[in-house]
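We start with the overall fold and then zoom in on a few residues.

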Amino acid sequence: MSYTLFTTPEIEIYSDNVTDPMSSSFVQAIFNELLQYEVDSYKVQTLVMDSGDSSTITLTGTVLANRKFILLKVVGADRAIGHAHILTAAKDYDGVTSIVGRIHTMGTELFPGYILLTTYNVSQIDVVADSDDIEVQIFASKIQA
Amino acid sequence: MIFARRFFSKLAPDSDASISDLGVARWSMRDVDPNIRLVVDGEVNAQLSLATVTSVTLDLPDDYVNTDYLFCQFQTEGVMKVTVTNPDSSTSVVLVSGTSDTPGIYSFTQKVTSIVINNPTATTITIGYQLIIMPPLDESTSFRGGAQTFGMYQP
């Protein structure tokens with residue numbers, strides 16, 4: 001079965017305080033209001049981690065050239081800041097040169113940290129904790145060709 | 001400046017599903033109040049075209065120093081390589097892949113020293129990006145409104 005993944009990452013910035021932050025955005029000129037990916041496989045995991053812990057996210061049935069969409073959310077315990085990063089091992093555009101991504105984020109229960117990435121040529125995805133007592137939720141998917 | 005952000009995702013069993021079909025079974029990712037507002041210290045919004053096999057070092061927001069956390073978001077309809085240099089001089093290199101129908105996105109929050117965008121392809125690409133200086137964020141940070149929406153749904 002194939003699935004459709006809709007994703008709207010939305011940043012809105014206002015010069016004044018507003019009552020409805022979702023009501024308007026000049027950023028929509030840059031960012032689509034709605035991104036839609038069809039994915040034909042995905043994995044969701046929730047991890048409770050301490051600093052230094054890592055976990056490999058395995059997407060079965062994928063090859064290097066497949067486009068992948070990764071979404072990570074991190075929060076700290078008791079409203080503390082949680083820090084985490086995604087470590088990606090990948091090949092560059094030439095398909096030969098190795099590149100490494102270290103993609104960080106941080107957040108609290110009230111303001112979670114997020115990572116969103118649409119990528120390809122990735123051979124390994126690891127989640128690494130950079131602080132204690134964090135909860136990480138990750139969604140990793142293969143975008144349908 | 002007032003800053004709000006929202007991420008929303010949905011899985012539906014076919015490609016014709018509408019965003020209005022929301023609300024069936026929900027995964028463990030919490031769905032909470034859709035609005036959060038937080039005062040931020042500075043931002044850059046920009047769109048640029050990048051010719052084939054060229055690179056550009058992005059201007060960071062005024063007053064940004066690399067002890068601040070920077071919220072960064074990119075979107076492209078082509079392939080771009082994003083190289084981020086961290087304050088400890090380590091680098092992160094990621095390919096972002098998009099099409100006109102399914103743009104590629106890349107979003108993170110971290111301390112940075114520089115951000116370089118490279119177009120490795122044989123065609124000109126257009127990139128949209130935002131760089132936002134995050135205010136100090138800790139357990140005492142006060143928010144207007146509620147928490148942040150992050151819903152993920154499966155059929």
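How many helices and strands are there in chain B? Chain B has zero helices and 14 strands. Please keep in mind that this is a predicted model.

**The two chains**

Chain A likewise has a secondary structure of zero helices, here with nine strands. Read along the sequence, its pattern is β-β-β-β-β-β-β-β-β. For chain B, the elements from the N terminus on run β-β-β-β-β-β-β-β-β-β-β-β-β-β. The table puts some chain totals next to each other.

| Chain | Residues | Buried residues | Accessible surface | Carbon and sulfur part of the surface |
|---|---|---|---|---|
| Chain A | 145 residues | 55% | about 5700 Å² | 47% |
| Chain B | 155 residues | 54% | about 6200 Å² | 47% |

What about contacts along the sequence? In chain A, consider the contacts between residues at least 6 apart in sequence: 76% of these join residues at least 24 apart. For chain B, residues 24 or more positions apart account for 81% of the contacts with a separation of 6 or more.

**A salt bridge between the chains**

Over all chains, the count comes to one salt bridge. This pair crosses between chains, with A:D92 in the loop between β5 and β6 (98-107) of chain A and B:K81 in strand β7 (residues 79-85) of chain B. The closest N and O atoms of A:D92 and B:K81 are 2.8 Å apart. Are the two partners buried or exposed? Both A:D92 and B:K81 are buried.

**Around A:A89**

Strand β5 of chain A (residues 82-91) holds A:A89. Why does A:A89 count as partly exposed? Its relative accessibility is 29%, and the partly exposed class lies between under 20% for buried and over 50% for exposed. Leaving out residues up to four places away in sequence, A:A89 touches A:I99, A:N121, A:V122, A:S123 and A:Q124. A:A89 and A:D126 are 37 residues apart in sequence, while their C-alpha atoms are 8.7 Å apart in space.

**A charged patch on chain A**

Which residues form the negative surface patch? The patch is made up of A:D50, A:D53, A:D78, A:E109, A:D132, A:D133 and A:E135. One of these, A:D132, is found in the loop between β8 (122-129) and β9 (134-143) of chain A.

How values were computed: Residues numbered from 1 in each chain as written. Chains lettered and ligands numbered in written order. Predicted model: local features only at pLDDT ≥ 70, side-chain atom pairs only at ≥ 80, totals over all residues. Heavy atoms only, no water. Helix = DSSP H or I, 4+ residues; strand = E, 2+ residues; numbered from the N terminus. Buried < 20%, exposed > 50% of the residue type's maximum accessible area, 1.4 Å probe, protein only. Contact = heavy atoms within 4.5 Å. Patch = residues over 30% accessible without salt bridge, like charges linked within 9 Å, V, L, I, M, F, W, Y side chains within 5 Å. Areas by Shrake-Rupley, 256 points an atom, 1.4 Å probe, with all protein chains shown as cover. Salt bridge = Lys/Arg side-chain N within 4 Å of Asp/Glu carboxyl O. Lys, Arg positive; Asp, Glu negative; His and termini not counted. Charge placed at Lys NZ, Arg CZ, Asp CG, Glu CD.
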